[in-house]
Amino acid sequence: MVMSVKVVEILSSEELRRTVTRLASQIVERTRDLSQLVLLGIYTRGVFLAELLARQIETLEGVSVEVGALDITFYRDDLDQIGLRTPAKTDIPFDLTGKTVVLVDDVIFKGRTIRAALNAVNEYGRPEVIRLAVLVDRGHREVPIHPDFIGKQLPTAKEEIVKVYFQDSDGKDAVELIAH
């Protein structure tokens with residue numbers, strides 16, 4: 001029996017661009033001192049999203065925002081379920097103490113990645129505040145974590161997959177929902 005796969009485009013390239021602009025604007029509005037703002041992208045696509053947000057904030061406000069990359073592999077509590085993966089290199093070339101840190105990820109699902117990211121951040125200083133920006137919130141949380149900035153609320157079934165594509169890594173900008 002052949003199972004059919006249904007792919008639905010959730011955000012086109014243009015819609016994704018507008019969503020990033022809106023997220024960047026919301027981050028600016030909620031940040032008192034932009035000179036203290038840093039974005040920490042969670043590998044892999046959270047890093048690309050953080051870089052896009054930083055460029056957009058600079059376009060909107062003329063302020064350069066520092067961007068770091070966070071690997072949370074060794075902070076996860078579900079490695080037995082997600083399988084082995086090669087850790088990426090965390091790159092945070094600045095102290096987080098006293099900063100407004102915005103964790104950035106492409107999709108939030110169960111919340112476990114963000115819980116692990118919060119634990120990892122503690123290794124790099126004590127931020128003034130930590131916020132969370134996600135491109136897509138698909139629900140189904142297993143831990144009490146809620147994003148501060150959400151690009152798109154997307155109710156999904158647990159077995160569906162949300163796939164985010166960025167030009168820099170995938171050759172296109174889009175968000176798709178994949179159902180089996």
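Visitor: Is Asp 170 buried, exposed or partly exposed?
Guide: Asp 170 is partly exposed, with a relative accessible area of 28%. Buried means under 20%, exposed means over 50%, and partly exposed is in between, using a 1.4 Å probe and protein chains only. This is a predicted model, where local features need pLDDT of at least 70 and side-chain atom pairs count only at pLDDT 80 or more, while totals for chains, interfaces and linings use all residues. Residues are numbered from 1 along each chain as its sequence is written, and side-chain values use heavy atoms, leaving out hydrogens and water.

Visitor: Which residue does Asp 170 meet in a salt bridge?
Guide: Its side chain meets that of Arg 45, at 2.5 Å from N to O. This pair links distant parts of the chain, since Asp 170 sits in helix 5 (residues 167-170) and Arg 45 in helix 2, 125 residues apart. A salt bridge here is a side-chain nitrogen of Lys or Arg within 4 Å of a carboxyl oxygen of Asp or Glu. Helices (H or I, at least four residues) and strands (E, at least two) are DSSP runs, numbered from the N terminus.

Visitor: And Arg 45, buried or exposed?
Guide: Arg 45 is buried, at 18% relative accessible area.

Visitor: Which other residues of helix 2 are buried?
Guide: Besides Arg 45, the buried residues of helix 2 include Gly 46, Val 47, Leu 49 and Ala 50. Further along, Leu 53, Ala 54, Gln 56 and Ile 57 are buried too.

Visitor: How far does helix 2 reach?
Guide: Helix 2 covers residues 45-61, so 17 residues, and reaches 24 Å from its first C-alpha to its last. That is close to the 24 Å expected at 1.5 Å a residue, where the expected span is 1.5 Å times one less than the number of residues. Just after helix 2, Gly 62 takes a positive phi of about 70°.

Visitor: Back to salt bridges. How many are there in the whole structure?
Guide: A search finds 9 salt bridges. One of them joins Lys 110 and Glu 142, with the closest N and O atoms 3.8 Å apart. That pair also links distant parts of the chain, 32 residues apart. Lys 110 lies in the loop between strand 4 (100-108) and helix 4 (112-121), and Glu 142 in the loop between strand 5 (129-137) and strand 6 (149-153). Lys 110 is partly exposed at 30%, and Glu 142 is partly exposed at 40%.

Visitor: What about Arg 17, which residue does it pair with?
Guide: Arg 17 forms a salt bridge with Glu 14, the closest N and O atoms being 2.3 Å apart. Both lie in helix 1 (residues 13-30), 3 residues apart, about one turn of the helix. Arg 17 is partly exposed at 43%, and Glu 14 is partly exposed at 36%. Glu 14, Arg 17 and Arg 18 are linked in a network of salt bridges.

Visitor: Zooming out, how many helices and strands are in the protein?
Guide: The protein has 5 helices and 8 strands. Along the sequence, the pattern reads β-α-β-α-β-α-β-α-β-β-β-α-β.

Visitor: How much of the protein is buried?
Guide: Buried residues make up 47% of the 180 residues.

Visitor: Last one: what box do the C-alpha atoms fill?
Guide: They fill a box of roughly 55 × 40 × 30 Å, taken along the principal axes.
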